[in-house]
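Here is a briefing on a structure.

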Amino acid sequence: MHFVPHTDAEVAEMLASMGLSSVDELFAAVPAALRLAGGVDLAPGLAEADVAGRFDAYAAANRPVGRGLVCFAGAGAYDHDIPSVVHALAFRSEFVTAYTPYQPEVAQGVLQALFEYQTLVCRLFGLDVANASLYDGASALVEAVNLAVAATGRQEVWVSRGVHPHWRQVVATLAAGTGHRVVDVALDDGLTAWPAAGSPAALVVQSPNYLGCIEGVGAAGELARSLGALLVVAADPVSAGLLRSPGSLGADVVVGEGQPFGAPLSLGGPYLGLFACRREHVRRLPGRLVGETLDTEGRRAYVTTLRTREQDIRREKASSNVCTNQTLMAVAFLVHLAWLGTAGLRELALRCARGTRYCREALLAVEGVEPLSGAPVLREFAVRTPVAAGVVVDRMVEAGFLAGVALGEEYGGGLLIAVTEKRTRAEIDAFVTAFEKAVR
Amino acid sequence: MSTGSAPGGRATSAPLMGRDPEPTLFELSSPGRTAANFRATGVPEWSAEELVPAGALRDEPTPVAEVSERDLVAHMTRLSHRQFSVDLGAYPLGSCTMKYNPKLCDDAVARAGLADVHPASPPALTQGWMALLADLEDALCRITGMAAATLQPPAGAAGELTGLLLMRAFHGAGGQGGRRRRVLIPDSAHGTNPASVTLGGYEVTQVPSDARGCVDLDALAARLDDDVAGIMLTNPNTLGLFEEDIVAIAGAVHEVGGLLYYDGANLNAILGVTRPGDMGFDIVHMNLHKTFAVPHGGGGPGAGPVAVTDRLAPYLPGPRPVRTAEGPSGGGDAYEWAYPEHSIGRAHSWHGNALALARAWSYILANGGDGLARVSQAAVLNANWLRHRLRGTYDIPYDRPCMHELVASATNLKRARGLRALDVAKRMLEEGFHAPTTYFPLVVEEALMIEPTETESPQTLAAMADALIRIAAGTGDDAHAAPRTSPVGRVDEARAARQLIPTWDARPT
C-alpha cells in the first residue's frame, strides 16, 4: 500500500511537459556508482489490514498495565486516568497534522493552545515564563543546567541524587559536549545533604524526589542565593495540587515531566518536558515561546516570539539547538489539566496522597519491610525488602501486579512504589497480601 | 496538464464562522465550575493537613481553569478550526516534508498492548515493544546503508547532538579528542547544525557554496586539516540539489581523519535511489516526522534516530533492544536491554518517543521497499514539475533538476513591484495553501523554499502553480493586507517581542 496519488498516465504527462521520458532522468545528478541496483532492501508493502495484524502481534507480546497487571510502578512514568476529552480534542487532526506555527495567521489554534499551556505551567510552578515544552523531563533538565551555566558564567553544577537517575545520566551524556562539571550530591535519609560552601552555577533538586520524598526546597533556595547560584527544581505537576510551588520557595528555573497529564505510559514516550523560569532569564529561555499580540486590525492574536534567541537565527551562538518540541503533548496536557480544573487538580493530588499513605502504612506493617526514609511523601515511597527488590517485582508479576521499580545500588537497593488516584482500596489490599508472600 | 477534476489539496472552501477572537480558557472560567470526576476507591479520606507537613502545604489551590466539559470541548474545537493542517490542504513548507499522514498509522499504535506499557517494566513484559524497535532499527539501517542505530533521540536536533557526541567519543577513543576541535558546515545548512556543533563542544567552520549551489571543493580543501572532527552535510542540500561531488568530499574528509555526518532532513528525496552509507557517511540522523510520515503535531513529537557504521556502533547510546540468540523457553527471538561497549550513555529519559517510532514503522511496513522508492520518485517529480511551471515567473537561482524541493526567489518581483517573499507567503494563505518556507536557505535572497511532497496530486500541484503565478502578477501594495481570509490578519510580531506577554497572567490590566 502506498500513498502516491499519481496515475501512470499522469506521470507520463508530467514528464512529457518537461521534455523527459522517465523519472530516472531527474536523478541524473546522483553518480552512477552510488545508485542502488535493487531499490530499498525491504519486503514489499503490506495492506492496511496486514499492518494491523503485525501490530496485533507486537502488542500481544507485551504485557500492558491494566486489570491483569495492576500498576504500582512510577519512577517518572505514572498510571493516571486520562479523561476521554484528551483523545477527542488534543488528537483532532488539525492539531496532529499541523507544523510549527511559522505562519501565525493560520496557526492561531496551536498558538493559543500553547499560550494557555504556558499560563498553566507558570501557575503550577509559580514562575513568570514557560516555554512551549521540550522533549521530556531529562531534556528540560539539560536545558535548565545550560541556562544556569550561561547565566552565572560558572561550570560546576550540583545535582542531588534525589533527581531521577535517568535524567542525571542524560545530563552526564550531554555534559561531554558542553564541558560542565556535574557534582553528585548524596542523600541523607532520603533528602539531599548539600555541601555548605562552593561556587556552583546551580543547585539541582527534585521535589518530591526520585524516592518520593518532599525536599526542603526553601532551604535549597536560600543556600543557592548565598552561593550566588541558581536553584533548579525538578517538580511533579501533580504535586502542584497540594504543595507550595517551587517558584514561591525560591526556584529560578523549574522543570518537570509532563506525562501525568495526558500522556499514556507508552514505553516512555512521547512525553513532554515542562520548563519555566523567572522573567529575568527569558532571553536565555530554550525553545519556542508564544506571546500575545495584535493583528493589523487590532484583534488579539498569538505568535512565537523572542525568536532571536533561537538556533535558526543565532546559529552557533544559540544557547539551545531545540527546533521542534512536543506541541501535541502540550495540547494534551492543557486539555487534561483544564478538565481537572482548579478543584480537580487538588482532588487528584489528594487522592494520590491518600492512596500512598494507605499503601505505605499497610506495607510497613509487613514483617521485614522497612522504610527507606522517614521523610514525608506524596505519591511515591521506597521500602527495603528482605528479598531483593528485583525478585519481588518478578514474583509480583506472577500475582498480577507491577509492584514498582527496583532501585539501583546508589540507593542501597529497595523498591520504589507509586500509588495514583486509580488504585482502589481493594487493589491495594490485594497488593499488600501478595506482597507479604513475595517478600518471604 | 489535463486536470479534469478539482484539486484535492486546496483549502479555500474551509468554512470559517467569523473573525472574533476565541476567548481563553481563563475567560471562559466560572468560579467553582469543574469537569473532573473520580472513581470510587474506598481509600480512607484523610485531609490535606493530615497528609502534608504544614510548611510544604499550599495555602490556596493552584488556579487552573474552571470550565465545564462542554465548554472545554467547544473551546478546543474552535481552536482547531483556527489552524491549518495537512489534513485540510497542501502544505508545501520547504525542508519540513509535510506529507499526508496515513490514518492506518494512527490505528496501528492505538493498542493498549503498546500504549499502556510501563517503561520500567521487566523486559519479559516488553518483548513486543523491543521486537518492534529492533525491527525498525533494522529497516532504518537498510534504508540508510548503516550498521546500527539508536532510536532514543526525540527530534532531529537531538539526533544531531547525539551524532556529534558519537563523533567526540570516537575521536576521544582514538586519542585525538583534544586536537580535533572543528566541525565544517556548509553556509546553506539548517540553523540546528551550528547550534548542535556548539553544544557538542566543537567550533563551527563555515564552508561556502559554489556557483552551482553545492559545497565549494576548493574552499573545503582549504579548511580541511587534522584538527577537523568532521563535516555535517544535508544531501540533497537545503537548495534541493544533490551534492554531485559527495564521493570526493567524503574522500577528502576521511583523508584527514574526519567523519561525515548526514543530516537526514532531506532523506525523502533518495529512498531507493542511493544511501548515505554508500556516499561515505559515518553518522546519519533521520527525521521520522518528515520522511516516515509521523505527523508533526504542531511542532512535535517527532523522532530523530541516529544510525552509524560498524566502527561507531560501540559508542551508541543505551540501553537499546538487543536480540539474544534464543528465547528463554528455547523458541523464537528474545530481547534484552543492553549498552554498547563504549556507549556515550543515555540520551533520553526512557527509550525515545516510542509511539512515534511505532507509527514510522507502520508507515514503512505499509509502503514496503517498493512503496518507499515510489515516494522519492513522486516527490522529485512534483518538485521538478513545479520548477518548470514557475520558471520565468519567479527567479530560480539554481535552475537545474532539483530533488524533492525547489528554492525560488522573489527578488525579481521585489524589484519590479515591491512584492517580497513574505508577501507571496501571506498571499498563498489566501489562495488556500500553506505558505512555502521563506528566507531560507540564507544563501538565497527572498527565498521561497517549496516542497510539495509526493502525496499531492498533479491537480493540486497545478492549482498551487496557478496560485503562485497569479500572486506574482500582483504588487507589494496589494499584498500588504494579506491574508484577508484567515482568523486573524497579519500579526504584529514586533509588538509581541517589544511588549512581551507570555501568559494570560502577564497581560497588562
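At roughly what angle do the axes of H10(A) and helix H3 (residues 69-80) of chain B cross? They cross at roughly 155 degrees and come within 10 Å. This is a predicted model: local features need pLDDT of at least 70, side-chain atom pairs count only at pLDDT 80 or more, and totals for chains, interfaces and linings use all residues. Residues are numbered from 1 along each chain as its sequence is written, while chains are lettered from A and ligands numbered from 1 in the order in which they are written.

- Helices (H or I, at least four residues) and strands (E, at least two) are DSSP runs, numbered from the N terminus.
- Axes are lines fitted to C-alpha atoms, for helices over the stretch in contact, and angles run from 0 to 180 degrees between N-to-C directions.
- H10(A) and H3(B) are therefore roughly antiparallel to each other; angles under 35 degrees count as roughly parallel, over 145 as roughly antiparallel, 65 to 115 as roughly perpendicular and the rest as oblique.
- Val335(A), Ala338(A) and Trp339(A) in H10(A) meet Glu69(B), Leu72(B) and Met76(B) in H3(B).
- The contact of H10(A) with H3(B) has five nonpolar, no polar and one charged residues.
- Ala, Val, Leu, Ile, Met, Phe, Trp, Tyr, Cys and Pro count as nonpolar, Asp, Glu, Lys and Arg as charged, and the others, Gly among them, as polar.

**Contact between the chains**

- Chain B puts 177 residues into the contact, and chain A puts in 170 residues (two residues are in contact if their C-beta atoms, placed from the backbone, lie within 7 Å).
- Helix H12 (residues 354-390) of chain B supplies the largest share of the chain B side, 22 residues.
- That side of chain B divides into 100 nonpolar, 50 polar and 27 charged residues.

**Domains of chain A**

- Chain A is assigned domain 1 (70-83 + 342-438) and domain 2 (85-334); domain bounds come from an automatic or database domain assignment.
- The C-alpha centres of these two domains of chain A lie 27 Å apart.
- Domain 1 of chain A has 29 residues in contact with 27 residues of domain 2 of chain A.
- H10(A) gives the most to the domain 1 side, with seven residues.
- By class, that domain 1 side has 19 nonpolar, five polar and five charged residues.

**Dimensions of chain B**

- Chain B has 17 helices and 12 strands.
- Its C-alpha trace spans about 75 × 65 × 45 Å along the principal axes.
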